[in-house]
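Me: I have the sequence and the structure open here. Can you walk me through a few parts of it?

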Amino acid sequence: MIRQLFRFKGGIHPPQHKDRSTRSPIQAAWLPKQLILPLHQHIGESGEPIVAVGDHVLKGQKIARASGYVSASVHASSSGTITAIEELPIPHPSGLSASCIVIDTDGEDRWIEHGPEDIPYTEMDVSHLRNLIRTSGIVGLGGAGFPSSIKLNPAGSKIDTLILNGVECEPYITCDDMLMRERPENIIAGAKIMRHALNARQCLIAIEDNKPEAYTAMIEACKDEDIEVVQVPTLYPQGSEKQLIKVLTGKECPSNGLPFQIGIVVHNVGTAAAVHNAINLGEPLISRIVTVTGDGVAEPCNLEVLLGTPMQALLDQCGGLNSDVDRIIMGGPMMGFAMHSTEIPVIKTTNCILAATESNVTAPSDVMPCIRCGACADVCPVDLLPQQLQWYARSKEFERAQEHNLFDCIECGCCAYVCPSNIPLVHYYRYAKTEIWAQEREKEKADIARQRHEFRQSRIEREKAEKAARLAKKKAAVKKPADGEKDDKQAAIQAALDRAKAKKEAQGVEPKNIENMTPAQQKQIDDANARRQQTDTSEQES
Amino acid sequence: MIKLNTPSSPHFHGPSTVTTVMLKVMLALLPGILIYAWMFGWGVIINIVLASITALATEALMLRMRQRPVMMYLFDGSALVTAMLLALALPPLAPWWLVVIGSAFAIIFAKHLYGGLGFNPFNPAMVGYVMLLISFPREMTSWLAPLSLGEQNLSLGQSLSFVFSGSLPAGLSLDALTMATPLDSLKTELGLNKAMQEITASPIFGMLGGTGWEWINIAFLAGGLWLIHKKIISWHVPIAMLGSLALISFLFFIIKPGAYASPLFHLFSGGAILGAFFIATDPVSGATTPKGRLYFGAGVGVLTYIIRSWGGYPDAVAFSVLLMNMAAPTIDYYTRPRVFGHGGGN
Ligand code: SF4
Ligand code: SF4
């Protein structure tokens with residue numbers, strides 16, 4: 001049976017450059033002297049360290065546990081001694097540093113005792129199965145890094161289709177391709193576990209038609225399985241979850257929704273293999289396949305890398321960095337980000353290290369004004385109007401940008417790729433998104449401040465009223481007589497006070513009324529107070 | 001340590017630049033221009049050369065004055081395209097100052113005073129054309145006869161001397177060279193209550209449109225189709241414009257064939273084809289959403305017919321395009337596409 005395929009709108013065909021890294025089989029990467037394991041290698045909360053400096057750890061030993069529902073644990077990827085738990089540069093577009101556990105390896109690469117559970121997974125309680133996957137530290141290996149156990153929990157939804165994503169649509173990257181060629185049985189074993197956990201009716205594996213070897217290997221391995229391998233025509237960004245769902249099922253995942261709401265779950269093929277390792281072998285996620293490619297290295301290839309290995313070690317293994325390298329990209333040329341140094345470790349989401357020379361990437365050239373040609377809108381897979389969005393982003397009309405669905409942009413880069421004016425469109429969208437987030441945060445802060453202010457006001461008023469009531473009671477009890485005289489006097493004093501107050505107000509001495517402040521004003525005041533307090537304390541300290 | 005660059009993604013860019021886009025537009029105009037020159041003589045080429053030189057010089061001057069990078073913008077090709085489109089709309093052998101004023105006006109007033117490339121709300125070539133038509137109606141409407149119909153064939157030297165000094169070779173009068181355009185004469189003769197069959201029997205009317213004009217328009221059509229094939233322009237505007245023009249002229253034609261020209265005549269005379277593929281498709285001043293382009297094109301087509309049939313000017317593509325330019329932002333706003341995942345997709 002030939003499955004009917006659908007099309008998402010737009011998309012592009014950038015040059016592939018994939019063959020350069022598929023000439024040799026996957027090789028094991030060298031054991032590095034030092035492993036740097038960031039506590040945050042996924043989407044969600046950072047892991048929480050459960051080891052201390054000086055501890056000796058074994059390969060596969062858990063060294064940080066998940067610290068929330070959306071979180072993932074981290075395991076030692078080789079045996080050695082913990083020498084530091086400190087802030088070090090992690091793979092991040094801004095060159096950010098974050099907490100990492102540093103292990104000096106002992107060269108023995110000695111495993112902790114491990115193995116599969118006694119009962120087969122088919123007989124396990126599904127929540128136990130999910131928990132095993134969770135404690136194995138498995139996150140989506142396709143690039144996003146969302147904790148996989150969550151995506152194996154349909155939370156009441158009936159799952160119809162489990163899709164394994166072997167599309168790998170970004171140029172240069174071939175780690176999934178090589179995995180499918182060499183270890184299809186692992187993927188299928190993992191897929192079966194995932195399908196069992198989800199109780200999915202059918203399971204599809206999607207592969208683009210630029211990977212015929214992988215397709216053949218998967219078909220061969222699926223001969224006796226109830227799994228359908230689907231070849232899809234090459235089109236970037238087909239590997240994006242919602243676009244792939246559209247192609248395979250014709251269904252559109254709602255804008256703010258998740259695929260399981262329409263009965264679909266998508267996992268990367270690499271993740272499936274990791275699930276197989278975890279459940280059938282009892283091995284947590286401690287390594288992954290990384291494509292090292294680009295003209296910046298002498299021998300591009302795919303390496304099976306221990307997590308935490310510094311990228312420089314991989315570049316060395318691939319013949320070292322050529323001097324004409326222009327940038328080093330983690331991920332592909334369309335969505336990956338350029339890194340600030342090569343001492344950054346490989347993490348769970350590192351699918352590719354692209355050492356690009358100037359000829360591999362597009363040298364920055366002159367940016368011209370938008371000529372409204374609409375080429376960007378034609379290729380946008382989400383059907384946005386990139387030319388309008390960039391206009392709003394640049395003129396800081398963020399509300400208009402949101403009205404034009406800025407947050408539906410998947411940052412695939414198709415628009416910027418085709419723009420004849422060479423406008424860094426995606427850059428503008430990122431900027432606008434960050435600004436909007438910042439504003440929302442500020443607004444939240446201001447709301448809290450306003451609430452605090454209102455609360456304080458009402459407390460003061462309540463106290464005042466209480467005091468007045470107490471006073472009145474007292475007065476009534478003590479000075480019952482002569483109160484006519486007293487009242488006259490008081491009235492005179494009050495009148496004088498009122499006059500003085502009116503005069504002050506007219507001169508503008510009295511602070512302006514603070515009841516009807518906007519949140520922004522309140523925020524400014526709070527900020528100023530905070531600053532003042534800070535200077536106060538610093539003065540005290542000095 | 002090697003210095004690493006860290007620009008943000010994407011790190012890839014396709015081959016398309018503003019210059020390549022403009023070059024392709026010029027290339028697509030070429031067959032039409034050649035046939036035009038073959039039919040009407042050197043005047044066509046002289047117009048284009050004069051307009052191009054003026055446009056480039058004005059562009060450079062304006063960029064200089066606005067302190068923009070001159071070299072970068074000068075060769076983006078946009079000024080040349082404007083110059084070519086304007087030149088093609090002018091009568092061949094028009095006096096040199098007409099061409100120069102029109103091109104300079106288009107570049108200065110319709111382009112740079114609005115902020116230059118990408119910011120002009122109106123199509124600069126059409127602004128230049130309309131300004132000339134209103135200011136110099138006599139010069140703008142004295143068209144040459146196609147060479148096959150006219151009595152004389154001017155050499156390059158004779159053409160140049162006419163363009164620059166208005167002097168014709170001895171024994172040749174202007175009347176012998178010029179002739180009303182088919183649209184023009186249709187309008188005049190219909191005004192004289194002549195029947196359509198009688199009018200179109202004149203030699204200036206060919207099989208489809210006007211004699212000579214049909215071939216030029218077929219060449220422009222070919223160029224336009226190539227642009228669609230190359231994805232430089234989308235099919236929406238030309239199809240919508242020509243479709244609506246054909247439809248509305250067909251309706252009137254079957255109601256009263258004696259008083260209204262046939263759809264084919266409307267499509268293949270005047271600036272309909274050139275306008276549909278090269279002028280109304282100007283991205284900067286047109287609508288940019290796919291649906292919006294359909295409305296935009298249809299608007300241009302209908303307006304063209306209305307102005308041609310009942311307006312004061314024989315051809316109407318320029319006016320229609322400018323009128324629709326005004327509506328473009330609104331059209332865009334109301335024709336935003338449905339975003340992926342926002343309902344209605346399943
Ligand atoms: S592709 Fe570039 S020039 Fe064309 S409309 Fe989009 S942003 Fe503008
Ligand atoms: S980066 Fe955003 S706007 Fe550009 S094509 Fe991709 S989804 Fe559309």
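Me: How do the residues of the shell around ligand 1 divide into nonpolar, polar and charged?
Reply: There are eight nonpolar, three polar and one charged in the shell around ligand 1. Nonpolar here covers Ala, Val, Leu, Ile, Met, Phe, Trp, Tyr, Cys and Pro; charged covers Asp, Glu, Lys and Arg; the others, Gly among them, are polar.

Me: Which residues are around ligand 1?
Reply: Among them are Cys370(A), Cys373(A), Cys376(A) and Cys419(A), along with Arg372(A), Gly374(A) and Gln387(A). To be listed, a residue needs a heavy atom within 4 Å of the molecule.

Me: Before we go on, what kind of model is this?
Reply: It is a predicted model, where local features need pLDDT of at least 70, side-chain atom pairs count only at pLDDT 80 or more, and totals for chains, interfaces and linings use all residues. Residues are numbered from 1 along each chain as its sequence is written, chains are lettered from A and ligands numbered from 1 in the order in which they are written, and side-chain values use heavy atoms, with hydrogens and water left out.

Me: Ok, ligand 2. How many residues surround it, and which are the closest?
Reply: The shell around ligand 2 has 14 residues, and the closest are Cys380(A), Cys409(A), Cys412(A), Gly413(A) and Cys415(A). Helix H12 (414-418) and helix H13 (425-478) of chain A are the elements that give two or more residues to that shell. Helices are DSSP runs of H or I with at least four residues, strands are runs of E with at least two, and both are numbered from the N terminus.

Me: And how does the shell around ligand 2 divide?
Reply: Into 12 nonpolar, one polar and one charged.

Me: Switching to the sheet. What is the strand order in chain A?
Reply: The order is S1-S14-S13-S17-S15-S16, an open sheet of six strands with mixed pairing. Strands S1 (27-28) and S16 (337-338) of chain A are the edges, each pairing on one side only. Two strands count as paired if DSSP finds at least two bridges between them.

Me: Which sense does S13 take with S14, parallel or antiparallel?
Reply: S13(A) and S14(A) are antiparallel, over six bridges. Thr291(A) has Asn302(A) in S14(A) as its bridge partner.

Me: What about S13 and S17?
Reply: Strand S13 (residues 287-293) and strand S17 (residues 352-357) of chain A pair in the parallel sense over three bridges. Val292(A) stands opposite Ile353(A) in S17(A), and Thr293(A) stands opposite Leu354(A).

Me: How many residues of S13 are buried?
Reply: Six of the seven in S13(A), which is mostly covered. Buried is under 20% relative accessible area, exposed is over 50%, and partly exposed is in between, using a 1.4 Å probe and protein chains only.

Me: Where is Arg23(A), and is it buried or exposed?
Reply: Arg23(A) is in the segment before S1 of chain A. Arg23(A) is exposed, at a relative accessible area of 65%. Its C-alpha is 42 Å from that of Gly68(A), 45 residues apart in sequence.

Me: Now chain B. How many helices and strands?
Reply: Chain B has 17 helices and zero strands. Of its 346 residues, 53% are buried.

Me: Where does Met39(B) lie?
Reply: Met39(B) is in helix H1 (residues 18-40) of chain B. Met39(B) counts as buried because its relative accessible area is 11%. Between the C-alpha atoms of Met39(B) and Glu59(B), 20 residues apart along the chain, there are 31 Å.
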